[in-house]
Amino acid sequence: MSVSPAALVARRALAAASTSSHAGGARTWKILSFVLAIPGVAVCMANAYMKMQEHSHHEQPEFVPYPHLRIRTKKFPWGDGNHSLFHNPLTNPLPDGYETSHR
């Protein structure tokens, strides 16, 4: 079975294109990581820190016992059964109100 000369030329061109186009790929991604990704993460961390500082000065909202919220039809299977798994006493009220207050 013979292969036409045009097919050989096409195969050689594809082989050359595939090796040369991917040669600098790792270097490109390394440069992009240092130039874009690391500063982007730093900006996001600074933004989160500033938002946290701003949020820490807010007062705790007044507890309003709406009847459709915090309905307990059965106890949670951990602890005393009234606290959620990731319960925070400063931000998560129980059905009868907050456990502790901010400052």
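**Reading the labels in this predicted model**

User: What share of the protein chain counts as buried?
Analyst: Happy to start there: in this predicted model, 5% of the 103 residues of the protein chain count as buried. The protein chain exposes about 9,200 Å², with carbon and sulfur atoms supplying 65% of that area.

User: Why is Val 35 called exposed?
Analyst: Exposed means over 50% relative accessible area. Val 35 has 53% relative accessibility, so Val 35 counts as exposed.

User: What does UniProt list for residues 31–50?
Analyst: The unreviewed UniProt entry lists residues 31–50 as "transmembrane region". In the model, this stretch is 100% helix and 0% strand, and its end C-alpha atoms are 29 Å apart.

User: How many aromatic pairs does a search of the whole structure find?
Analyst: The search finds two. Phe 63 and Tyr 98 form one of them, at 6.1 Å centre to centre with 75° between the planes. Planes over 60 degrees apart count as edge-to-face, so that is the label for Phe 63 and Tyr 98. These two residues are 35 residues apart, both in the segment after α2.

User: What makes the pair of Phe 76 and Trp 78 stacked?
Analyst: Stacked requires planes under 30 degrees apart. Phe 76 and Trp 78 have 10° between their planes, at 5.3 Å centre to centre, so the pair counts as stacked.

Definitions and conventions:
Residues are numbered from 1 along each chain as its sequence is written. This is a predicted model: local features need pLDDT of at least 70, side-chain atom pairs count only at pLDDT 80 or more; totals for chains, interfaces and linings use all residues. Side-chain values use heavy atoms; hydrogens and water are left out. Buried means under 20% relative accessible area, exposed over 50%, partly exposed in between (1.4 Å probe, protein chains only). Accessible areas come from the Shrake-Rupley method with a 1.4 Å probe; for residues, only the protein chains shown count as cover. UniProt positions are given in the numbering used here, feature names are shortened, and annotations may be inferred rather than shown by experiment. Helices (H or I, at least four residues) and strands (E, at least two) are DSSP runs, numbered from the N terminus. Rings of Phe, Tyr and Trp (its six-membered ring) pair if their centres lie within 6.5 Å; planes under 30 degrees apart count as stacked, over 60 as edge-to-face and the rest as tilted.
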